[in-house]
Amino acid sequence: MIKPHYRVFACFFLFAFSLGALLARLPDVQSNLGLDKAQLGLMLIGMAIGSLVSLSLGARWVDRMGARLTAFVTVIGTTFCYALIPWLPSAYLVFGTLFVAGVLAGLLEINLNLEADRIEAQINKRVMNRAHGMWSLGFFVTALIGANVREAQIPVTVHTGVAFLVVVVCCLVLLPGMTNAPHRPDAKPHEEGEHRIALPNWGLLPLCIIGIAAFLIEGTGIDWSVIYMSDAFGVTPLIAGLSLTAFTGMMTLGRLFADPVVERFGPRAVATTLLSIAAVGSLLIGVAPHPYVAILGFAMIGLGCSCVYPLAVSAAAQRTDRPSAVNVAALAQVSFVVFFLGPPLLGFVAEHFGIRVSYLAVLPFVVAGLLLGGALESKRRPAAAAGADA
């Protein structure tokens, strides 16, 4: 029998697997449509806008649809959109398809994070970090596959089409047995006409700031690491790529193995330690005299940002002032805005003050996250049978 949290893990992995297949082939999509980089960037904003719409409005719909139906619709739906994109003849159609994919991705984010939190309460063990670790692992695996598939000159339509078939088969095997995990006993229910729009409130603000710190670090690692290595040291593409490999590898490992550590030491202690590591890593990158020192810094910020956002999601889901879906959606909304807008803003800093300064610019946000770490501590104990097997 498949355990409930393994189904959540699979959904995170499959979503990242299919999205990564498309992202790995974006140069081919760009070439087929004849777009320059600015036009490609504007086209990709469609997914960000769609995500923000569903994160703002979709919380009550996720509660109504339930975990299984939402998982089927969002995982298969997003993958279908990604497989359709290489066949589309215009950037406008791609923008619209990415908007739909973004709407579904936002609903997926709410659904899977809620289920992970409720399963934690049900089995009395942490699973949230491993769930997000499977998302990171999905990207890592599909990046390796994508590089080889593109090198073999396999058409992008075949690549994304096969990814779609893999996801559909896996969903048909894994998701039929998915059931709604029970709500936490003191969770606030959705009232009709209440909380139609998910927006952050004052109580959620500390968690939003912690999430902002994590996503700013993640943005600098994913978007700017290779460019930093090339600009700061003029290294070969292989050495430059090691920075991104170190970052994503440590982020994945951190998430996959953090849950027992969080159970033992608590979310505040773990987040404080990780953000401290991230601060030292960012400082190291900012002043690195040698490329391998910078790669060490990227490994440190990968580990440092790995579990901070999942811990913030768990804390948001456990708040009792509003329905869990609303708080999770509101936190994700702010974090997604930072994830999409943070790297371009840091690029502005890099353009005017140097790329090293962009890594130092995140330090005030990391310090703010450190000061607000107490917000990660739950005020209640999970209602679950002690000793349940995870």
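Predicted model: local features only at pLDDT ≥ 70, side-chain atom pairs only at ≥ 80, totals over all residues.

Student: Which helix does L57 lie in?

Tutor: L57 is part of helix α3.

Student: And which residues form the nonpolar patch on the surface with L57?

Tutor: L57 forms this patch together with L42, I45, I49, V53 and F95. Their accessible area together is about 480 Å².

Student: Which helix gives the most to that patch?

Tutor: Helix α3 does, with 5 residues of the nonpolar patch.

Student: Let us change topic to the inside. How many cavities of 30 Å³ or more are there in the whole structure?

Tutor: The search finds 1 cavity of that size. The volume of the largest cavity is about 40 Å³.

Student: What lines the largest cavity?

Tutor: The lining consists of L22, L23, L26, V29, M43, L44, M47, I85, V94 and L98. By residue class, 10 of the lining residues are nonpolar, with no polar and no charged ones.

Student: Which helices supply at least two residues each to the lining?

Tutor: These are α1 (4-24), α2 (26-33), α3 (37-57) and α6 (91-123).

Student: Which of them gives the most?

Tutor: Helix α3 gives the most to the lining of the largest cavity, namely 3 residues.

Definitions and conventions. Residues numbered from 1 in each chain as written. Heavy atoms only, no water. 1 Å grid on protein atoms, 1.4 Å probe; cavity = no way out; pocket = protein on both sides within 12 Å on 5 of 7 lines; lining within 4 Å. Points joined across faces, edges and corners; volume = space filled by probe spheres on them. Helix = DSSP H or I, 4+ residues; strand = E, 2+ residues; numbered from the N terminus. Nonpolar A, V, L, I, M, F, W, Y, C, P; charged D, E, K, R; others polar. Patch = residues over 30% accessible without salt bridge, like charges linked within 9 Å, V, L, I, M, F, W, Y side chains within 5 Å. Areas by Shrake-Rupley, 256 points an atom, 1.4 Å probe, with all protein chains shown as cover. Salt bridge = Lys/Arg side-chain N within 4 Å of Asp/Glu carboxyl O.
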